[in-house]
Amino acid sequence: MYLTIPIKPFPAKRVNWKWWRFTKSAVDYHSKMNALRTHLLPHRQEIMQNMIEGTYHIQFYSKMPDSWSKKKQLEMNWKPNQNTPDIDNVFKSFVDTLFYDPVNKSKDDCKIWKMSADKWWSDEDKIIFMD
């Protein structure tokens, strides 16, 4: 499977009971999760199985800032992105979105034993899932 998701990678948020529902950043985070969930839903079971088996790779592509010169954009295109957000936070948001069960209000991501992901600069925001 090779799935391209045209969404900007986003980091997981730390959660406490006050933050979860009432702040603007919580609403933004949940809207991003819902957008990602919409793209993942048709392939959810297959992706979850691949992640549990450890036979997958995820690439997170971030759009280069418009403030960068054309020369710098050409130089950095398809190079590793070492800026924030950290890859573990971006990976966690992907996993939380995928494994969250809205019916039971729970997530079962403890079965993931391997993290295989990269973060790259690109001319567009996207997430690519490969098995």
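**Entry 1: a loop asparagine**

Which backbone atom lies 2.9 Å from a polar atom of the side chain of Asn 81? I looked it up, bearing in mind that this is a predicted model. It is the backbone nitrogen of Asn 83. I placed Asn 81 in the loop between helix 4 and helix 5. With a relative accessibility of 7%, Asn 81 falls under the 20% limit, so I noted it as buried. Leaving out residues up to four places away in sequence, I found that Asn 81 touches Ser 62, Lys 119, Trp 120 and Trp 121.

I checked omega for the peptide bond from Thr 84 to Pro 85 and got a value near 5°, making the bond cis.

Trp 78 sits in the loop between helix 4 and helix 5 too. Its phi is near 65°, and I flagged that as a positive value in a residue other than glycine.

Four of them form an open sheet in the order 1-6-2-5, with mixed pairing. Strand 1 and strand 5 (117-122) are the edges, each pairing on one side only. From one strand to the next I get an average twist of 15°.

I then went through two of the pairings. Strand 1 and strand 6 run antiparallel and are joined by four bridges; in strand 6, Met 130 is the bridge partner of Tyr 2. Strand 2 and strand 6 are also antiparallel, with five bridges joining them. Opposite Tyr 61 I found Lys 126 in strand 6.

Which residues of strand 1 are on its covered face? I noted Leu 3 and Ile 5 there, while Tyr 2 and Thr 4 are on the uncovered one.

**Entry 2: helix 5**

I wanted to know how helix 5 is placed against the sheet. Helix 5 lies across strand 1, strand 2, strand 5 and strand 6, and runs at about 110° to strand 2.

Then I checked its span. Helix 5 covers residues 87-99, and at 1.5 Å a residue its 13 residues should span 18 Å. I found the end C-alpha atoms 18 Å apart, which agrees.

I also listed its buried residues: Val 90, Phe 91, Ser 93, Phe 94, Val 95, Asp 96, Thr 97, Leu 98 and Phe 99. I picked out Thr 97, whose relative accessibility of 2% counts as buried. Beyond four places in sequence, Thr 97 touches Phe 10, Met 33, Leu 36, Arg 37 and Leu 40.

**Entry 3: the core**

How many residues does the largest nonpolar core have? I have 25 down, and the ones with the most contacts inside the core are Met 51, Ile 58 and Phe 94. At least two core residues come from each of strand 1 (2-5), helix 2 (24-40), helix 3, strand 2, helix 5 and strand 6 (126-130). Helix 5 gives the most, with six residues.

Setting aside neighbours within four places in sequence, its contacts are Ile 5, Leu 36, Leu 40, Met 51, Ile 58, Phe 60, Ile 127 and Phe 129.

**Entry 4: a buried tyrosine**

My last stop was Tyr 56, in the loop between helix 3 (44-53) and strand 2 (57-63). At 5% relative accessible area, Tyr 56 is buried.

What does its side chain reach? I found a polar atom of the Tyr 56 side chain 2.3 Å from the backbone oxygen of Lys 114. The side chain of Tyr 56 also reaches the backbone nitrogen of Ser 116, at 3.4 Å.

Not counting residues up to four places away in sequence, Tyr 56 touches a list of residues that includes Asn 50, Met 51, Phe 91, Ile 112, Phe 129 and Met 130. I also took one C-alpha separation: Tyr 56 and Asp 118, 62 residues apart along the chain, are 12 Å from each other.

Notes: Residues numbered from 1 in each chain as written. Predicted model: local features only at pLDDT ≥ 70, side-chain atom pairs only at ≥ 80, totals over all residues. Heavy atoms only, no water. Expected span 1.5 Å × (residues − 1). Buried < 20%, exposed > 50% of the residue type's maximum accessible area, 1.4 Å probe, protein only. Contact = heavy atoms within 4.5 Å. Polar contact = N/O pair within 3.5 Å; in protein donor to acceptor, adjacent residues only side chain to side chain. Core = buried A, V, L, I, M, F, W, Y, C linked by side-chain atoms within 4.5 Å. Pairing = 2+ DSSP bridges. Axes fitted to C-alpha atoms, helices over the stretch in contact; angles between N-to-C directions.
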